[in-house]
Amino acid sequence: MFKAPPPSDEERPLITTIVVSPQGTDYAFKIEFNKNPYGDDCKSRCANATLFLDTDNNKSTGLKLSDPKAAETGADLAVTIQGAKALKEGVSVSVLRVKVAQYAEDATTVEEGHTLAEMDPINDSERVLASDTSVYLLVDANMGNQPAGKQLRLIYHPPDSKPLVGMAKGLASPQSGRVELFKDGKLSNPVVKKKKSDYEKY
């Protein structure tokens, strides 16, 4: 089991917990970091983390790495969360960027994803919300043409650690519950706890 080290100025923010669940035609994520993923706290070493989503839990679709047993093999989507600096009216400001990419059937490296969306909390407040060390995302499953299954597999590969793999209900699951994370661009139920069977935490 991966345990993030104590936050330090030298290390980038690392993910400590991920919750994923279908919500209507979206994939809803709650992602916890061990320190603020962007802003003045992390200075020039802010978050740069990628989550791989195998939307049908099938290694024969999506990304095909040279090692068929690699955890990322079969990923259909990659969601990258980056904290960065940007110039706005000549002033450097902190920004959080979320990039969603899809892997075609002929993709053989993690860099070959086709960009579906680039989002941030300012321009996409209905889909991206950052609150302290938490990031909440809604990824539209209608973007691209990724498959949908009754189970999905999520992979996170921390630096200098083995990949972590979690399972959750897929978009095609008849049992998939609607989990409302957003309402009018704001977090609507941050303290409501769901049954363990609804999510896979790691």
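Two strands are taken to pair if DSSP finds at least two bridges between them, strands (E, at least two residues) and helices (H or I, at least four) being DSSP runs numbered from the N terminus. The structure is a predicted model, in which local features need pLDDT of at least 70 and side-chain atom pairs count only at pLDDT 80 or more, whereas totals for chains, interfaces and linings use all residues. Residues are numbered from 1 along each chain as its sequence is written, and side-chain values use heavy atoms, with hydrogens and water left out.

Strands S1 and S2 run antiparallel and are joined by eight bridges, among them the one that links Gln23 to Asp26 in S2. Both belong to an open, antiparallel sheet of four strands in the order S1-S2-S8-S7, with S1 (15–23) and S7 (128–131) as the edge strands, each pairing on one side only.

A further open sheet, also antiparallel, comprises six strands in the order S6-S5-S4-S3-S9-S10. Strands S6 (114–119) and S10 (164–169) each have a single partner strand, so one side of each is left without a neighbour in the sheet. Strand S5 (residues 91–102) pairs with S6 over five bridges in the antiparallel sense, and Val98 stands opposite Met119 in S6.
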